[in-house]
Amino acid sequence: MKKLRKRLFAVIGTLVCAAIMISVIFNIYFVNSQKIFREQAYAGSLKVYMQSIEDSLTDIENMLAIESRSDGNLKMIIRSSNRLEWYLALVRKKNQFETEIKKYQYLDGIFLYDSRKDLFAGVKGTFATEEDHTKIKDQAEELTEHFKEAESGNEWLSVRLGEDYYLIRMQEIKGIYLCAWIKPEHLTDGLRRTEEDNVFLCDSYGNILNRKEKNQAKNIGEVKESLGSGESVFSQASGEHPYTLFMIKKDSFLSNMHKTALGQIAIILCL
């Protein structure tokens, strides 16, 4: 009778171990397959999102190019020696900006700066704050210096004003500067799906441009070094501009599945 019980317990133990082993193998396979699937999905989303950003930036560039070459009000501002004509052309130009800014998804502001008279005329979009607009206005001359010092003026520049970064695209025509500007946060907020998602726009040096918190990491390298359990980094570089999108995803579900598999292995070892 005792031998029968031992054999019965041995059979039951073997069956339990086999069931746990099958469950472990299934969980490991499931976790790995889901990990690959989600990584591909995240990478695909980043690629599509970056393409939409590039398309929008290109549209803004084209608008600035047309404005600088064939706009009648701008020509009047450049050439007119009559103060009244010059002022009216400036007013019309600002009204024109009010119309143009509504046509572009990410455009946060556009302005004209006349370096000959140290005069600023510009508007802001709905995403930007009055503080942003005032900062841009007060430092318009500094922005033109960044433009003149850039290796290539035919690209979007990341400029730091105080604690904030801005992307600017500028054109110069006989001392008149046309500039479009964007807050990096505007480009990244649309990609954040949950509160746990962290999305960063970085320049070619890894500097994080969309810094919302003063204590936030300043470089993507710092972010990678501080990754927690279940967190992964995905990235997509722009093919046209010196910027890269980084997304930090925390997958609690896969992390819990992985812990379950480890727990089952521990049970088998104890047995």
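These legends walk through several close-up views of a predicted model. Local features are described where pLDDT is at least 70, side-chain atom pairs count only at pLDDT 80 or more, and totals for chains, interfaces and linings use all residues. Residues are numbered from 1 along each chain as its sequence is written, and side-chain values use heavy atoms, with hydrogens and water left out.

**View 1. Tyr166 and Trp181 form an edge-to-face pair.**
Rings of Phe, Tyr and Trp (its six-membered ring) pair if their centres lie within 6.5 Å; planes under 30 degrees apart are stacked, over 60 edge-to-face, and the rest tilted. By this rule there are three aromatic pairs. Here the ring centres of Tyr166 and Trp181 are 5.8 Å apart and the planes stand at 80°, so the pair is edge-to-face. It links distant parts of the chain, 15 residues apart: Tyr166 belongs to strand β4 (residues 164-173) and Trp181 to strand β5 (residues 176-182). Strands (E, at least two residues) and helices (H or I, at least four) are DSSP runs, numbered from the N terminus. Both Tyr166 and Trp181 are buried, where buried means under 20% relative accessible area, exposed over 50%, and partly exposed in between (1.4 Å probe, protein chains only).

**View 2. His133 sits in helix α4.**
This helix covers residues 130-138. His133 is buried, with a relative accessible area of 15%. Leaving aside residues up to four places away in sequence, His133 touches Phe120, Gly122, Val123, Lys124 and Trp181; contact means heavy atoms within 4.5 Å.

**View 3. Glu172 lies in strand β4.**
With 39% relative accessibility, Glu172 counts as partly exposed. Beyond residues up to four places away in sequence, Glu172 touches Phe147 and Tyr177. The C-alpha atoms of Glu172 and Tyr113 are separated by 9.5 Å, although these residues are 59 residues apart along the chain.

**View 4. Lys117 lies over the face of Trp86.**
Lys117 is 3.9 Å from the ring centre of Trp86. A charge sits over a ring if NZ of Lys or CZ of Arg is within 6 Å of the ring centre and within 35 degrees of the ring normal.
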